[in-house]
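Please open the model in your viewer and keep the selection tool at hand. The tour below goes from one selection to the next and says what is found at each stop.

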Amino acid sequence: MAAVDTAKLYNTETRRMEAIAPGQPDGLLRIYCCGPTVYHYAHIGNFRTFLVQDVLRRLLLAMGYRLRFIRNITDVDDKTIRGAQRERTSLGAFTQKWTDIFHGDCDALNILRPDGEPRATEHIAEQIAMVEALIRKGHAYATADGSVYFRLSSFPVYGRLSGVDVGQLAPQANDTGETANLADEYGRDSVSDFALWKAHKAEDGDIFWESPWGKGRPGWHIECSAMSMKYLGETIDLHGGGIDLCFPHHENEIAQAECVTGKPFVRHWFHSEHLQVEGQKMSKSLGNLLTLMDLKGRGYAPDGVRYALLSGHYRQILNFTFSGLDAARSALQKLRTKVAQLRSTAEGNAADYSQKTETIPQKIATYRHFAAAIEALKNDLNIPKCLGEIFSVLNRTAAADRQFFEELRSIFFILGIEIFSDTDPNRAPSVPDAIAALAAQRWEAKQNKNFGEADRLRQVLAEKGWDVVDGKDSYDLEPNGR
Ligand SMILES: [Zn+2]
């Protein structure tokens, strides 16, 4: 009897490996992933999560699953509001700028666009309706200032995803990480109750929406419950996010959704681990929140960055280092060289094989050459094992047939790497670190509308022999011959 072709993945909630399967008779796999807050560049830790999700999605597509993949955009919170105010622009204009930059980075990293990308500010009515339902059912209450809180004591199974002990809970931070005195300030019944709706404060200026509780804005957690329900229904098959979202964000999503519907919110939780940079936790204070722009500025092409960020198992902390990035770049080079050799010596109908890996490949019934590589992916998305298998097959292969190339194409579609490329995007002119750093500073100044400083740095760069060519979302450096 033929085995059913399914992918297996660790479920954070059940703490077991489970087959990925649609829960509804229509056979559609419903996937929701928490997206970025659009107030700055996403850093490579964020992208590690989005890349892992992208490979999972590509694997499922190549296996023939039908899926709907939704990833939201958080475009209202303290950080986006402060950013818009700092730049004296509207919240919409501010978040659109950063959404465009995020999209540019995703495209550069070859992350497929989601099937739907709902924004929090475009779903205020849905979020208000959900808060009203929670109040009606006794799970939430309004305070005197016009905020609404979720009553944690009304949901006894709270904490089952992360294993957090409700009795030990400290006050939940607001979205700027402040916890002090919030309970007193807002009159919460319990310090661990979290905000569903936040009353307007003077410092929010003209950014607010009308609600049954007065002017205000949604709390962060409610958007994911409301938007996933709108686009995917009451129960989602798979919900993804970085491990840092497990508590409180995902616990809160569960509480909100299940108290409204009385049904399970998510069947399978999928979390990816943290990223470190050179052995250290990434943080603003250490100045190591690397972005794709930083890495491009140092002469690294995005496909090498993609390879490096995928090179560890998603359930293990990945230590991102520049030597690792160099190793990723040379590994890619080796792969492409070997594949080009095999193509140049191929015979018959394999010789004209030139299919790019950007479109979804035909489902392959049986992998003859790369069975172990594909099995590694189907078994808890083991990308490092898959890469190891690919190298060992390539190393022992002297001649390749058509099926070989079809399988190769399928696997590299899943990994999201163009393997049949004749040009190597990593062979960019190498820009000295000091120049790259100046260019990154100039771009930052320009993004912050500090045009005087941006012009000054452009001049400095020109004198050092480099011209800056600005695109919409990024820039290039070209030697000017000085
Ligand atoms: Zn979320």
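Select residues 28–33, which form strand 3, together with residues 238–242, which form strand 9: the two pair in the parallel sense over 3 bridges. Strands here are DSSP runs of E with at least two residues, helices are runs of H or I with at least four, and both are numbered from the N terminus, while two strands pair if DSSP finds at least two bridges between them. Within this pair, Cys33 stands opposite Gly240 of strand 9.

This is a predicted model, in which local features need pLDDT of at least 70 and side-chain atom pairs count only at pLDDT 80 or more, whereas totals for chains, interfaces and linings use all residues. Residues are numbered from 1 along each chain as its sequence is written.

Now widen the selection to the open sheet of 4 strands, whose order is 4-3-9-10 with parallel pairing. Strand 4 (66–71) and strand 10 (269–272) each have a single partner strand, so one side of each is left without a neighbour in the sheet.

Next, go to helix 7 (residues 246–261), where Pro248 is found, and look at the peptide bond from Phe247 to Pro248, which is cis, with omega near 0°.

Move on to the loop between helix 2 (78–86) and helix 3 (91–108), and select Arg88 there, a residue other than glycine whose phi is positive, near 50°. Arg88 counts as exposed because it has 8 C-beta neighbours inside 10 Å, the limits being 12 or fewer other C-beta atoms within 10 Å for exposed, 20 or more for buried, and partly exposed in between, with C-beta atoms placed from the backbone.

Finally, select Asn110 in the loop between helix 3 and helix 4 (124–136); although Asn110 is not a glycine, its phi is positive at about 60°, and with 18 other C-beta atoms within 10 Å, Asn110 is partly exposed.
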